[in-house]
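Here are my notes on this model, as numbered points. Please read them with the structure open.

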Amino acid sequence: MSLTIRDFKATGRSLRLGAAVAVVSMIALSGCSTSEVFNQGYVVDQTALDLTPVGSSREQVLLSLGTPSTTATFDNEVFYYVSQKRVRAANFMKPRLVEQSVLAVYFDEDDTVKQIANYTLKDGRVFDMISRTTPTGGLDQSFLAQVLSGAGSQEGTGAAVARSIFGG
């Protein structure tokens, strides 16, 4: 059996079918490779930041930068403005943190700005601000394990409970 050019000659119908299959497969593959960018939090505006130089009052900071994302735990001496940029390669994937910045505005005793700092991922480690959990040191036990172990006492559970009730 000899092969001739006539055996490999494509017809118009098969070319159209091949082109349609190629177009549909390209559309399907392009839908899988879309990426989404999520910007969350405070996006620092340079003009607003220029309105709050060192020596500005707390009210001026609130007027130009707005309400902070969070403040210092004690004495409200620091305002933190937090922003994150996450990228998701496809709709079924988990977003990945690619950029994070924390703008910190430090105040002195007179409620004036004494320092402005901008921290990024390079300045620290990645932390989750949404989970609302604080890692603690020591042994992490469930409630049932604590009850069975006597909640840290050296004696039995009954004696420890009686002592805590009767103050002995």
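1. Burial comes up throughout, so the cut-offs go here: buried means under 20% relative accessible area, exposed over 50%, and partly exposed in between (1.4 Å probe, protein chains only). At 5% relative accessibility, Phe79 therefore counts as buried. Of the 168 residues of the chain, 18% count as buried.

2. A word on the source. This is a predicted model, in which local features need pLDDT of at least 70 and side-chain atom pairs count only at pLDDT 80 or more, while totals for chains, interfaces and linings use all residues. Residues are numbered from 1 along each chain as its sequence is written, and side-chain values use heavy atoms, with hydrogens and water left out.

3. Overall layout. The chain has five helices and five strands. Helices (H or I, at least four residues) and strands (E, at least two) are DSSP runs, numbered from the N terminus. Along the sequence the pattern reads α-β-α-α-β-β-β-β-α-α. The accessible surface comes to about 13,100 Å², with areas from the Shrake-Rupley method and a 1.4 Å probe; for residues, only the protein chains shown count as cover. Carbon and sulfur atoms hold 59% of that surface.

4. Contacts along the chain. Contact means heavy atoms within 4.5 Å. Take the contacts between residues at least 6 apart in sequence: 43% of them join residues at least 24 apart.

5. Aromatic pairs. How many aromatic pairs does the structure hold? There are two. Rings of Phe, Tyr and Trp (its six-membered ring) pair if their centres lie within 6.5 Å; planes under 30 degrees apart count as stacked, over 60 as edge-to-face and the rest as tilted. The rings of Tyr42 and Tyr81 have centres 4.9 Å apart and planes at 45°, so this pair is tilted. Tyr42 sits in the loop between strand E1 (36-41) and helix H2 (46-50), and Tyr81 in strand E3 (residues 78-88), 39 residues apart. Both Tyr42 and Tyr81 are buried.

6. The other pair is Phe79 with Phe107. This one is edge-to-face, at 4.9 Å centre to centre and 75° between the planes. Phe79 lies in strand E3 and Phe107 in strand E4 (residues 96-107), so the pair ties together parts 28 residues apart in sequence. Phe107 is buried, with a relative accessible area of 2%.

7. The core. A nonpolar core is a set of buried Ala, Val, Leu, Ile, Met, Phe, Trp, Tyr and Cys residues joined through side-chain atoms within 4.5 Å. The largest one has 11 residues, including Tyr42, Tyr81, Phe79 and Phe107. H2, helix H3 (58-65), E3 and E4 each supply at least two residues of this core. E4 gives the largest share, three residues. A second, separate core has five residues, among them Ala72, Val78, Tyr106 and Ala117.

8. Tyr81 touches Tyr42, Val61, Leu65 and Leu103, among others. The contacts of Phe79 include Arg58, Val61, Leu103 and Phe107. Phe79 and Ser69 are 10 residues apart in sequence and 7.7 Å apart in space, C-alpha to C-alpha.

9. Salt bridges. A salt bridge is a side-chain nitrogen of Lys or Arg within 4 Å of a carboxyl oxygen of Asp or Glu. The whole structure has two. Arg88 and Glu36 meet in one, at 2.5 Å, N to O. Arg88 lies in strand E3 and Glu36 in strand E1, so the pair ties together parts 52 residues apart in sequence. Arg88 is buried at 18% relative accessibility, whereas Glu36 is partly exposed at 29%.

10. Arg58 deserves a look. Which residue forms a salt bridge with Arg58? The partner is Asp111, with the closest N and O atoms 2.8 Å apart. Asp111 is in the loop between E4 and strand E5 (113-120) and Arg58 in helix H3, 53 residues apart. Asp111 is partly exposed, with a relative accessible area of 36%, while Arg58 is buried at 14%. Arg58 also lies over the face of Phe107, at 4.3 Å from the ring centre. A charge sits over a ring if NZ of Lys or CZ of Arg is within 6 Å of the ring centre and within 35 degrees of the ring normal.

Methods: Lists of a residue's contacts leave out its neighbours within four places in sequence.
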